[in-house]
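Here is a short briefing for a first look at this structure. Keep the 3D view open while you read.

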Amino acid sequence: MDMCKYIAKRLLLAAVTIWAVATITFFLMNMVPGGPFLSEKAISPKAQAALEAKYGLDKPLMEQYRTYIVDALHGDFGDSLKQRGRTVMAIITSKFPVSARIGGLAVLVSLLLGIPLGCVAALNRGKWIDNVVSVFTTCGIAVPSFVICTMLMYFLGVRLKWLPTFGLTNWKNYIMPVISLALYPTSYIMRLMRSSMLDVLGQDYMRTARAKGLAQFMRIFKHALRNAILPVVTYVGPMMAYTLTGSFVVEKIFTIPGLGSEFVGSITNRDYTVIMGTTIFLATLLILMNVLVDIVYKIVDPRIKLK
């Protein structure tokens, strides 16, 4: 019963947060100087008035806001102002799977590499492998993703010609974008796991397990890992945010036809409906992921009190 109340409360807070994001995004877009139909080729005032009437931009601001929120609740973010004949939801559904594949692979690589390597570094504290992991994590956290993209493209794509540098035609095209996105979260997870595992290994119950003669494999995986992994579970939510927002730059550099590239292009083209729809969609996804992480955290650690 407590769990159900907790989930209901988190979902209610998530709904309020999504509404706040949608409201702030809508009014910020309307505060931007100029308009979506301004371009290098000037149009007559009559033609601009006709376009504004077509998209409902000639109505009072609060009426536009009310209409937009009601339509958004039904999954309708309107039509694109620049891509004539295409709705914002159609653009999102066609582009997001590409970004999701790259981001999902980056998250998977980060977890599969970060957790075991962090444990290995903790179990070999002070040895050469621990020093190598420390150097790797420092570089991975300090170097931004666009620098990693440029270095990978230059060495692996241009100099060695091992990998393609643009598009998504086959599995090789995923390697450099996934590495660029996964490097930072992998390094952060390794650092989290190392510090958390060192703390757990020094606890009394670990010394008791060792004194009882329990095998090292059982001590690590049955007792230490379950408690040491809790900070990583907490980090999964922000990691999802990083992979989604970080993919904007990565997709642009590698010319990947994903949602991130579409979002950057919509800002350049002043396609306000695409900007608002994409922002609300990504915010909703991230908020729901954080709710899911909170629930999983409670399942992993029953000691957490639900309030």
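Start with Y65, which is buried at a relative accessible area of 12%. This is a predicted model.

**Aromatic pairs: F26 and Y65**

- Eight aromatic pairs turn up in a search of the whole structure.
- In one of them, the ring centres of F26 and Y65 are 5.5 Å apart.
- Their planes meet at 55°, so this pair counts as tilted.
- F26 belongs to helix α1 (residues 2–31), while Y65 sits in helix α3 (residues 61–73).
- The pair therefore ties together parts that are 39 residues apart in sequence.
- F26 is buried because its relative accessibility is 3%, and buried means under 20%.
- Y65, at 12%, is buried too.
- Both residues also belong to an aromatic cluster, formed by F26, F27, Y65 and Y68.

**Aromatic pairs: Y184 and Y188**

- Y184 and Y188 make a stacked aromatic pair.
- Their centres are 6.2 Å apart, with 25° between the planes.
- Both lie in helix α7 (residues 175–201), four residues apart, so about one helical turn separates them.
- An α-helix has 3.6 residues a turn, so residues three or four places apart point the same way.
- Y184 is partly exposed, at 25% relative accessibility.
- Y188 is partly exposed as well, with a relative accessible area of 31%.

**Helix packing around α7**

- Helix α5 (residues 128–142) and α7 have axes that come within 8 Å.
- Those axes cross at roughly 135°, so α5 and α7 are oblique to each other.
- The crossing of α5 and α7 is left-handed.
- α7 also packs with helix α9 (residues 216–228), with axes 8 Å apart.
- Here the angle is about 125°, so α7 and α9 are oblique to each other.
- α7 and α9 cross in a right-handed way.

- Helix α4 covers residues 88–123, which is 36 residues.
- From its first C-alpha to its last, α4 reaches 50 Å.
- That is close to the 52 Å expected at 1.5 Å a residue.
- α4 has a kink of about 35° at F96.

Definitions and conventions:
Residues are numbered from 1 along each chain as its sequence is written. This is a predicted model: local features need pLDDT of at least 70, side-chain atom pairs count only at pLDDT 80 or more; totals for chains, interfaces and linings use all residues. Side-chain values use heavy atoms; hydrogens and water are left out. Helices (H or I, at least four residues) and strands (E, at least two) are DSSP runs, numbered from the N terminus. The expected span of a helix is 1.5 Å times one less than its number of residues. The bend at a residue is the angle between axes fitted to the seven residues ending there and the seven starting there. Rings of Phe, Tyr and Trp (its six-membered ring) pair if their centres lie within 6.5 Å; planes under 30 degrees apart count as stacked, over 60 as edge-to-face and the rest as tilted. Buried means under 20% relative accessible area, exposed over 50%, partly exposed in between (1.4 Å probe, protein chains only). Axes are lines fitted to C-alpha atoms, for helices over the stretch in contact, and angles run from 0 to 180 degrees between N-to-C directions. Angles under 35 degrees count as roughly parallel, over 145 as roughly antiparallel, 65 to 115 as roughly perpendicular and the rest as oblique. A crossing is left-handed if the near helix is turned anticlockwise from the far one by less than a right angle, and right-handed if clockwise.
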